[in-house]
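Please look over the sequence and the model shown below before reading on. The briefing that follows is written for someone meeting this structure for the first time.

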Amino acid sequence: MSVDTPEGVGNRIRRLLPSSATDIGVVLVLPGLVLFSLFMLFPIAFLVYLSITDVSRAGDVIGIFQGEASIVWFANYLELFADGEFWNSIGVTWLYVGVSLGLKLVLTLVIAILLTHDRVAGKRYMRALVIVPMGFPPIFVITIWRAIFSPAAFGPFNRLVSAYNDVVIGLAELVDTIAFFVALRAPELLLVDVPVNWTGGRWAAFFGYVVTETWLAYPFMVIIVVSALQDVPMELHDAAKVDGAGYLNRLRHVTIPAIKGPLVFASILTAATSFQNFLIPWVFNKGGPGRSNELLLVYGYREARVFNEYAMSSAIMVVAIGFIGLFMWLAVKKTNLADGV
Amino acid sequence: MSTILDAIADLRAGRRSPVDVAKSVLTTGVAVGLLLLLLFPVYWIVTVALSRGTTLSSPGSLFGDPAAYTLDSFRWVLENESFRRGLLNSLIVVTVTVTVTLAFSIPGAYALSRREFFGRRKLLYGYILFTQVGAGLSIAVLIALYALFSGIGLTNNLLVLGLFYAAGAIPFNTWLLKTFMDNIPVSYEEAAIVDGASQWQVMREVILPLAKPGIAAVLVFAWTAGWNEFIVAQTLIHDPDLYPLSVELYGLIDDRRGTSWPQFAAFALLFALPVAIIYFLAQKQVESGLSFGGMEG
Amino acid sequence: MARVTVDELRKEYDTGSVVAVNDLSLEIEDGEFVTVVGPSGCGKTTTLRMLAGLEEPTGGRIEIGGEDVTDVHAKNRDVAMVFQNYALYPHKTVFENMEFGLRMSTDLSEAEREARVAETAEMMDIEELLEDKPDELSGGQKQRVALGRAIVREPDLFLFDEPLSNLDAKLRTTMRAEIQRLQNELGITAVYVTHDQHEAMTMGDRIVILDGGELQQQGRPTDVYERPVNGFVGGFIGSPSMNFVDVDVEPDGDRLHLTGRDGEFAYDLSGAYVDRHADDLESSRYTLGVRPENVTVADGAANAIATTVDVVEPVGSDNFLHLGLSDEFIARVDSDVRLEPGDRVTIAFDESDVHLFDAETGRNVLTRERDAPTVTS
Amino acid sequence: MARVTVDELRKEYDTGSVVAVNDLSLEIEDGEFVTVVGPSGCGKTTTLRMLAGLEEPTGGRIEIGGEDVTDVHAKNRDVAMVFQNYALYPHKTVFENMEFGLRMSTDLSEAEREARVAETAEMMDIEELLEDKPDELSGGQKQRVALGRAIVREPDLFLFDEPLSNLDAKLRTTMRAEIQRLQNELGITAVYVTHDQHEAMTMGDRIVILDGGELQQQGRPTDVYERPVNGFVGGFIGSPSMNFVDVDVEPDGDRLHLTGRDGEFAYDLSGAYVDRHADDLESSRYTLGVRPENVTVADGAANAIATTVDVVEPVGSDNFLHLGLSDEFIARVDSDVRLEPGDRVTIAFDESDVHLFDAETGRNVLTRERDAPTVTS
Amino acid sequence: TSMFSGDGSAELWHEFTDSEEETFDGHLETFNEDADRELDASGVSNMDEQLETALPANDGPMSFTWAHDWIGVQHENENLYDGSDSFDVDLEGTYTEAAADAVQWEGNVYGLPYAAETVSLMYNRDMVDEPPETVSEMVDIMEREGEYGIGYPGDPYHYSAYLQGFGGVLYDEDADELGVDDDAVVEGLELIRDAIYEYSPNDLEEDTNLSVFQDGQAPFAVTGPWNLGDLRDAGIDVGVAPLPAPDGGEPTPFTGIQMWYLTSRLEEADDAVRDAVLDWAEWYTTTEDVATTNAQEHATIPVLQSVVGNDDLGDDVGAFSQTVDMGMPMPASEKMDAVWDPVESALDVVLGSGGDPREELENAAEQIRDSWK
Ligand SMILES: Nc1ncnc2c1ncn2[C@@H]1O[C@H](COP(=O)(O)OP(=O)(O)OP(=O)(O)O)[C@@H](O)[C@H]1O
Ligand SMILES: Nc1ncnc2c1ncn2[C@@H]1O[C@H](COP(=O)(O)OP(=O)(O)OP(=O)(O)O)[C@@H](O)[C@H]1O
Ligand SMILES: [Mg+2]
Ligand SMILES: [Mg+2]
C-alpha cells in the first residue's frame with residue numbers, strides 16, 4: 001500500500017479530485033456500505049456503549065433511550081477480567097476452535113480429495129450429497145447430535161462404541177485362538193468403558209462439541225476445497241511425477257500448496273464462526289458439566305439471560321468481537337486475503 | 001455412470017487391466033463408505049421422521065421399525081397452517097435478502113475489483129474483518145438490537161428482517177464476488193467499451209453473465225443466511241402471522257412439554273429441501289464460482 | 001475511415017516514474033495500414049490503448065477524422081480493436097459477439113444488424129459458426145470471429161494488438177493473408193502491433209518502430225530495412241539480426257580505413273562513400289553493421305576478410321554461418337555452401353550494404369540527412 | 001544417458017475412437033538429440049507423455065537404456081521433462097524447484113543436493129535467482145529454471161514439449177543457443193517437440209515428422225529438407241512452404257514433359273532425371289514440388305516459365321513473389337529484384353530441385369529408393 | 001397488518017400444544033360469541049423471550065397465559081398490569097387458596113388462575129400392578145421390571161419433589177432464604193442419585209427418559225399431564241399415581257398455577273379492549289365448563305372451588321391433585337430465576353460426572369448468592 005510515500009499522497013489527492021472513474025467506484029460501493037453500517041456497525045456501537053453502563057435488565061436496555069442507565073466506564077471490563085470463569089471460557093473457546101479446525105481440515109481434505117479423484121465414479125453426485133448438512137438449520141442438527149451423543153447406553157454413539165468394543169474383543173479372541181501361546185492383555189487398553197457419559201464428562205462433552213462443529217462446518221470447506229482442487233494444474237502433477245514423486249509426495253508438494261490459499265481462507269472463516277459458537281454447547285449441556293465447557297458466547301449469554309447482567313454481557317461480546325476482529329485482521333494480514341485468495 | 005460403463009468396456013477390450021479397475025472400484029468404495037458415515041445423522045433424521053411416537057432416540061432399534069414407517073409426520077407438516085404461512089414468510093424474507101445482497105454486492109464487488117478509489121483497500125479489509133462478526137453479534141445483543149429496531153419502529157417487518165440479513169451477508173459476499181471478478185479478464189470489458197457499450201451496458205452484457213458462477217455462489221450463501229437464521233427473526237418478529245419458517249421450526253422444540261420428534265424431523269427435512277434444490281441446481285456454477293482460479297481468456 | 005493524428009502523445013505510470021510512451025507524434029493517412037513494432041515493454045500496447053480511449057494520455061493530443069478525441073470516452077470513439085487473446089465474449093454466440101458492437105454503437109434496427117452480421121460473416125467465411133459459442137471454436141476460427149466483430153462495425157480506425165501471436169505458424173500465415181485481403185478490399189485505416197518480423201515487414205504500408213516509449217523510425221518497410229536511422233532499428237528489424245562490429249575509423253587518403261576493435265576485422269570505405277558524410281565522421285569510434293544476407297563467402301573479392309567458422313546452422317533453405325568476427329556474426333549463405341566448424345573462410349560484403357553507426361548515439365551516419373523525409377513520409 | 005527404443009507404440013483415446021499415436025517405432029541413440037515436428041494434434045505430446053510414463057500406451061513397448069519400461073510408473077523412470085508452460089512449482093523457490101527432483105528420485109544427502117543444484121545453477125546462469133519464486137521471474141528466466149530443473153537430475157532421457165513456444169522471438173533465439181550449448185556440453189539424449197521450423201532444422205541430430213499419429217519420415221534435417229519422402233513432409237518442412245503444382249506427365253522421347261493441370265505451367269525433365277525413376281512414372285498424374293528459394297527470375301534460362309506477379313512481399317532480406325502459377329506459388333528472390341504486382345516475369349528452377357509426388361499417395365517418386373537409409377539412419 | 005409487516009396485534013398469547021390449542025380455540029369462540037369486542041389469540045413459541053423484548057417496547061399481547069412463576073420477574077420489569085381494582089371476582093372465595101395466592105404479587109393482582117399442574121408418577125400397568133407408595137417399593141419394582149427402571153427428566157423442576165423431599169426448600173420465598181445447600185437438599189440429591197438416576201437411562205435429557213417408558217422398557221416415568229396423550233397413543237397402558245414417598249420424607253414438587261397474566265399494555269389500551277381482556281380472564285377462570293373440559297381432556301387440575309373435587313374429572317386428575325397437594329408453588333420471585341441454572345449445573349455434575357452432592361450444591365448456592373448481589 002502506498003500511503004505515506006510522496007507518490008502515495010499525490011495519488012490520494014488526485015483520487016480525491018472529481019473524476020468520473022473515481023466517483024463511480026464510490027457510488028457503487030456506498031449502498032452496501034451504508035446498509036452494512038446501519039444494521040451491523042450501529043448495533044456494535046450500541047453494544048460498546050452498553051458495555052460501559054450499568055444496565056442489568058432487558059427493560060433497562062430498552063429504557064436506555066430514556067436515559068435510565070449510568071455510565072460506569074470500565075467497571076464491567078475490570079470485573080470481567082477478574083473472573084476466573086471468563087479466562088476458563090477464553091481458554092476453552094480457543095481450544096475448541098483449534099481442535100475442531102484441525103479435525104475439519106483433515107476431514108475436508110480427505111473428502112475433497114476423494115470426491116475429485118479420477119478413480120471415483122459418480123463423484124459429482126456425491127459432492128452434492130456431502131454438503132447436505134449445510135441445508136439444515138443448525139439448531140436442529142445440533143439437537144440431533146445431542147441425541148446421538150446421548151449418554152444413555154442406547155445412544156447412537158454409545159452403540160457405536162459398544163460395537164467397536166465387540167470388534168476389539170472379537171479380534172483379540174481370534175488372535176488368541178490362532179496364537180494361543182501369546183498372553184494377550186492388550187484389549188483392556190483398547191476398550192472403552194460404555195456407556196460413555198457424553199454430557200457429564202468434561203472432555204467427553206468437549207469431544208461431542210467438536211464432532212458436531214466439524215459436521216456443521218465441513219460442507220462449506222468442502223465446497224471451497226473441491227473448487228480449488230479442480231483448479232490444480234495437471235501439468236504440475238505431471239512434472240512432479242516425472243521428478244519421481246509418488247502420490248503422497250505429490251499431495252504434499254503439489255496439491256496442498258496449490259490449494260493452500262482457499263484452504264486457509266476457508267479455515268479462517270470457519271474458525272471465526274466456531275469462535276462464536278453458542279448453540280452447540282448450549283444445546284448439549286449448557287457448557288457443562290458445571291461451567292467447565294462454557295464457550296465465550298455461552299458465558300456471555302449466561303451473564304445476560306440468567307444473571308441479568310446486560311452490561312456485563314455486552315462487555316463480553318465486545319471482547320469477543322475484539323478477539324475475532326484481531327484474529328481476522330491477523331489472518332488477513334498474513335494471507336493477503338484482501339488481494340484475493 | 002458412464003465412467004463405470006467405460007471401465008467395463010475397457011476391461012472387456014483389454015484396454016484396462018483388472019488391477020486398474022479394482023483400484024477404481026476400491027476408491028469409489030472408500031468414498032461411498034465415507035459418505036455413508038458422514039450422512040448417518042441425515043439418514044437417522046429421515047427414519048425418525050418416518051417413525052411413530054414422539055421421541056428421537058429409543059432404546060430399541062436405532063432406526064425404529066421400518067414396517068411401521070409412516071408419512072403421517074410429513075402430512076402433519078404439510079397440512080399445518082403455520083408451515084404454509086411460515087414458508088410464505090420465509091420466501092418473502094429470503095427474496096429480500098437475496099435480492100438486496102445481490103443488488104448491493106454486485107456493484108460493490110465490481111467497484112472493488114475494477115476501480116481505484118479512496119479507501120478501497122481499507123474497505124476491503126473492513127469487510128473481511130466483519131464477515132464473521134454478524135453471526136455472533138446477534139446472540140448476546142438481541143435486546144440491544146431489539147431496542148434499536150423498536151425505537152425506530154422497525155420490528156414486525158419481514159422486509160426489515162430480510163434487509164438485516166442482507167446487511168450481514170454483504171461483507172462476505174461482496175468480497176467473494178470481488179475475488180471472482182478479479183479473475184475475469186479486463187479485456188472483455190475493454191472490448192465492450194471499445195464496442196461502444198456504456199458502463200451500465202458493460203455491466204449487464206458482460207460482467208453479469210461472466211460473473212454468473214460467483215453470483216450463484218453468493219445466491220446460495222445469501223439464501224442459506226436468510227433461510228436458516230432464527231434468533232434474530234424471533235427477536236424482531238413478534239407477530240406470529242409473520243413468523244418465518246425457521247422460527248416455526250424452533251417453536252416445535254418445547255422444553256417444558258417435550259418435542260414431537262417425528263414431526264420436528266419431518267418439518268426440518270421439508271425446511272431443508274429448498275436449500276438442497278437450490279444447491280443442486282447451482283452446483284456446477286457454485287463450484288466454479290468458488291474456485292478462485294483464472295478464467296480462460 | 002479517417003485520418004489519425006497523434007501529437008506529442010505521452011503516458012506516464014506510477015506518477016511519472018514509468019514513461020510508457022514518450023511524446024509520440026504520428027500521422028496516419030486515411031486508409032493507411034501502419035504496423036508498430038518494438039521490443040517488449042516499449043509502449044506499443046499503451047499507444048494502442050490510448051488510441052482506443054482505454055487509457056487516458058498524460059499529455060498530447062489524438063485526432064481521429066479531424067476531430068480531437070483526446071477527452072472522448074472510448075465508447076464514443078468510432079474505433080474497433082482486435083485483442084491478442086481475441087476477448088470474445090464467452091457467453092455470447094458468434095452472432096451475438098458480432099452484433100454486440102452494432103447494438104451498442106449504432107441505432108440500426110434488428111434486421112439491419114442481422115444483415116450486416118450475415119454479410120460480414122460471409123466475407124470472413126464464418127457463416128456456419130454463427131450459432132456457436134467461442135469455446136467451441138478453434139484458434140483460427142476465434143481469430144476470424146474477432147476480426148469479423150471489428151469489421152462489422154465499419155469503424156473509422158482499426159487497432160490490432162498482436163492479433164496473430166497466439167496462432168501456430170501455418171495458421172498465422174493464413175490469417176495474415178486474410179487480413180491483407182481485407183485491407184485491400186476495405187481500405188481500412190489500421191494500426192497493427194506485432195512482434196513478428198514477417199508481419200511487420202509485409203503487412204504495413206508503413207512501419208513504426210518504438211523503443212523505450214520513443215519513436216525510433218517510421219517509413220516504408222523496405223526503406224526502414226535498408227536505411228535504419230540507428231543501430232537499434234538496424235538490429236531490431238531483420239532476422240537473423242544485423243551483424244555489428246565495433247570499429248575504429250582512420251582516414252587513409254580519400255578512403256576510410258576501419259579496424260575491428262577486437263582484432264581480425266579490417267575494411268576500407270571508398271572515397272565516394274566517405275564523401276557522402278565526411279563531415280560527420282569526427283569521432284573515431286563507430287559500429288559497423290552489415291546484414292547476414294549481404295555477407296558472401298568469396299575468396300578473391302576486394303575488402304575480403306578471413307575468419308573462422310564457429311557453427312554451421314543449416315536451416316534447409318540456407319545455411320547460417322556463425323563466424324568468429326564478433327560475438328554473433330552470421331552470414332546467410334546458400335544451402336549448398338557446405339562448411340564445417342573450424343574451417344577458415346574469406347568473406348566479403350559490398351560497401352553499399354555497410355551501415356556505420358555512431359558508437360555513442362547509435363545514429364546512422366549515413367541516413368541522418370534522410371531523417372526528415374522518413375519522418376513525414 | 002541411454003539408448004531409447006520405441007516399438008509399435010500406440011495410443012487410443014475414447015475407447016479407440018481417437019488414435020493419437022499409431023504404431024510408432026523409433027530408435028534413439030545414446031546422446032542423440034531428436035526433434036519431433038508435425039501439425040497440431042498429430043500426437044507429438046502424446047508420444048512424449050508416453051515416454052515419460054504419464055500416459056499408458058494402448059499397445060507397443062518402450063525401452064530406455066535397454067530396460068523395458070512400458071509398465072514402469074513415471075516416477076520410477078529416469079526421465080526429465082521440460083513443459084511448454086514450464087510447470088515450475090509456484091510455491092517453491094528456484095532452488096527448491098531444482099532440488100525437488102533430486103530429493104524425490106535420488107538418495108543424495110542434503111549437502112550433495114545443494115552442491116548439484118549450485119553447480120547446475122551456475123551452468124544455467126541462474127545463481128542469483130535461487131531464492132526467488134517463479135512468479136518473480138521473467139519468461140526467459142523461467143525457461144532457464146525449467147531447463148536447470150531437468151538437467152540437475154542428470155537423467156537418462158530428456159523430453160522437451162515445445163519449451164520455447166511461449167517466449168518472444170529474440171528470447172527464443174537466445175534460449176535455443178543455450179539448449180544447443182548444453183546439448184554439446186552434456187551430450188544428452190533428448191526428444192524435442194517443436195513447431196518452430198528453425199528449431200526443428202537446426203537443433204536436432206535427427207528430425208522426426210509425424211502426421212495423424214503416424215511416422216512420416218525421419219532423418220538428418222538437411223536430408224529431410226532436400227529429400228522429403230512425400231508431399232506432406234515436403235510442404236511441412238520449410239518456410240515459406242514448398243510450392244506445389246499439379247501436373248500431367250507425358251513422355252517425350254527420353255524426357256518427360258510436365259504440363260500444369262491449371263494451364264500456364266510447362267516443364268521438361270531430362271532423360272537423366274527420368275532414368276533415375278523411370279519405372280515409377282506409371283500414373284500420369286503427379287504433383288510437382290519446388291522450394292521458393294530454388295525459383296529464380298531468369299529470362300533466358302532453359303525451362304523458363306512465363307507468369308504474372310500477383311503480390312510482392314518484401315521482407316527486407318528477400319522479396320517473396322507470389323506468382324500466378326498455382327494457388328500459392330512463391331519465389332524467394334533477392335530484395336533488389338524490384339517487381340510490381342501485375343508484372344510479367346519469367347522464372348526458372350533447376351531440375352535437381354524438382355520433387356515429383358504421386359498425386360494419389362503423395363509419395364515422392366524419387367526418394368522412394370532411399371526410404372530404407374533414412375528410416376534407420 | 002400488511003403482507004410484510006405486522007404490529008403483533010393479537011391480544012392473547014399462549015404457547016399451547018396442538019391439542020390444547022384446539023380446546024382453547026373452542027373456548028375462545030364461545031367467549032367471542034357473547035363479547036362486545038372479539039379477542040384475537042396467537043400461539044407464540046419461546047414466549048418468554050418474546051415477551052421480554054416486546055413488552056418493554058410497548059408491543060406484544062394484552063394478556064398471556066403461563067404458570068404463575070413469571071410474576072416476580074415480570075413485575076420487576078414493569079410488564080404487568082394491576083387488576084385489583086378492575087376485577088369483580090373475590091379471589092379467595094372463587095379459587096383455591098394456593099391459586100389465589102399465586103396471582104398476587106406485592107399487593108397487586110396480576111391475573112386470574114385457572115389450573116394447577118405438576119409432574120407425577122406414571123406407571124406401565126402391564127408391568128406394575130399396584131403403584132408404589134414409597135420410594136423403596138418403587139426401587140424393588142425397578143430392580144425387577146424392565147431394562148430400565150424409570151424415565152425421569154433430569155432438571156431441577158422435575159427433581160424438585162425429591163430435592164425438597166426431606167424438608168429442604170430450594171428457595172423459600174417468604175423468608176427470602178436460599179436452601180440449595182441445606183443438608184436436607186443434599187440428602188434429597190443423594191436419594192435421587194441412588195434410587196432414581198441409577199435406574200434411569202443415565203441421560204438427563206427429557207426425550208431420552210420418556211423414550212424408555214414409551215418403548216415399554218421402564219415401568220415408571222415422571223412427567224406432567226401433557227404427555228399422557230402421546231404415551232397412550234404409543235400403546236402404553238399408563239396409570240397415574242402420586243409421587244412415592246422417600247423414607248422419612250415426603251415428595252414436595254414445585255407446582256405451577258396456570259393463569260392469564262395482565263400486561264402493562266392494558267394501561268394504554270382502549271377501554272373496549274381492556275374491558276374485553278379483563279372479561280376474558282374472568283370468564284375463562286370462572287366458567288365451570290372450561291375447567292372441566294380442560295381437566296377431562298388434558299388432565300389439568302381445576303383451581304375453581306366449585307369444580308375442585310368433582311368426581312367426573314377422572315382418575316388422572318385425582319392422582320395429579322394428590323401430588324399437587326404434597327407440593328409447593330414455585331417461587332415467583334425474580335430471585336428464583338438465578339436458582340434454576342446453577343442447580344441444574346450441580347445436578348449435571350453430581351449425576352453425570354459423579355461429583356460430590358454437598359460440594360456441588362454449595363458451589364451452586366455460592367453462585368446464586370453472587371448473582372443476587
Ligand atoms: N498499468 C500500468 N502501470 C504501470 N506501468 C505500466 C502499466 N501498463 C504498462 N506499464 C509499463 O509501461 C511500459 C509499456 O508497456 P506496454 O504494455 O505498452 O508495452 P508493449 O510494447 O505492449 O510490450 P509487449 O510487447 O510486452 O506487449 C512497460 O514498461 C510497462 O511496464
Ligand atoms: N485425454 C485425451 N482424450 C481424448 N483425446 C485426446 C486426449 N489427449 C489428446 N487427445 C487427442 O490425441 C491427438 C493427439 O494429441 P496431442 O496432444 O499428442 O497432439 P500434439 O501433436 O501435441 O498437438 P499440439 O501441436 O497441438 O500440441 C489429438 O487428436 C487430440 O485431440
Ligand atoms: Mg503489448
Ligand atoms: Mg502438444
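This is a predicted model: local features need pLDDT of at least 70, side-chain atom pairs count only at pLDDT 80 or more; totals for chains, interfaces and linings use all residues.

Residues are numbered from 1 along each chain as its sequence is written, chains are lettered from A and ligands numbered from 1 in the order in which they are written, and side-chain values use heavy atoms, with hydrogens and water left out.

**Ligand 1**
- The residues surrounding ligand 1 include Y13(C), D14(C), K44(C) and E162(C), where a residue is near a molecule if one of its heavy atoms lies within 4 Å of it.
- Oxygen atoms of ligand 1 lie 2.5 Å from an N or O atom in the side chain of S40(C), 2.7 Å from a polar backbone atom of G41(C), and 2.4 Å from an N or O atom in the side chain of T46(C).
- Taken alone, ligand 1 exposes 640 Å², of which the protein buries 60% (areas by the Shrake-Rupley method with a 1.4 Å probe).
- Strand 2 (18-28) and helix 1 (44-52) of chain C each give two or more residues to this shell, and helix 1 of chain C gives the most, with 3 residues (helices are DSSP runs of H or I with at least four residues, strands runs of E with at least two).

**Ligand 2**
- Around ligand 2 are residues of chain D, among them Y13(D), D14(D), K44(D) and E162(D).
- A polar side-chain atom of S40(D) is 2.5 Å from an oxygen atom of ligand 2, and an oxygen atom of this ligand is 3.0 Å from a polar backbone atom of G43(D).
- Helix 1 of chain D gives the most to the shell around ligand 2, with 3 residues.

**D196 of chain C**
- D196(C) sits in the loop between strand 8 (190-193) and helix 6 (197-203) of chain C, and is buried, with a relative accessible area of 18% (buried means under 20%).
- The side chain of D196(C) has a polar atom 2.8 Å from the backbone nitrogen of H198(C), and also reaches the backbone nitrogen of E199(C) at 2.9 Å.

**Annotated segments of chain A**
- An unreviewed UniProt entry annotates "transmembrane region" on chain A over segments including 128-148 and 310-332, and such annotations may be inferred rather than shown by experiment.
- Residues 128-148 of chain A are 67% helix and 0% strand, with end C-alpha atoms 24 Å apart.
- Residues 310-332 of chain A are 100% helix and 0% strand, with end C-alpha atoms 32 Å apart.

Conventions: Buried means under 20% relative accessible area, exposed over 50%, partly exposed in between (1.4 Å probe, protein chains only). A polar contact is a pair of N or O atoms within 3.5 Å; within protein, one must be able to donate a hydrogen and the other to accept it, and residues adjacent in sequence count only if both atoms are side-chain atoms.
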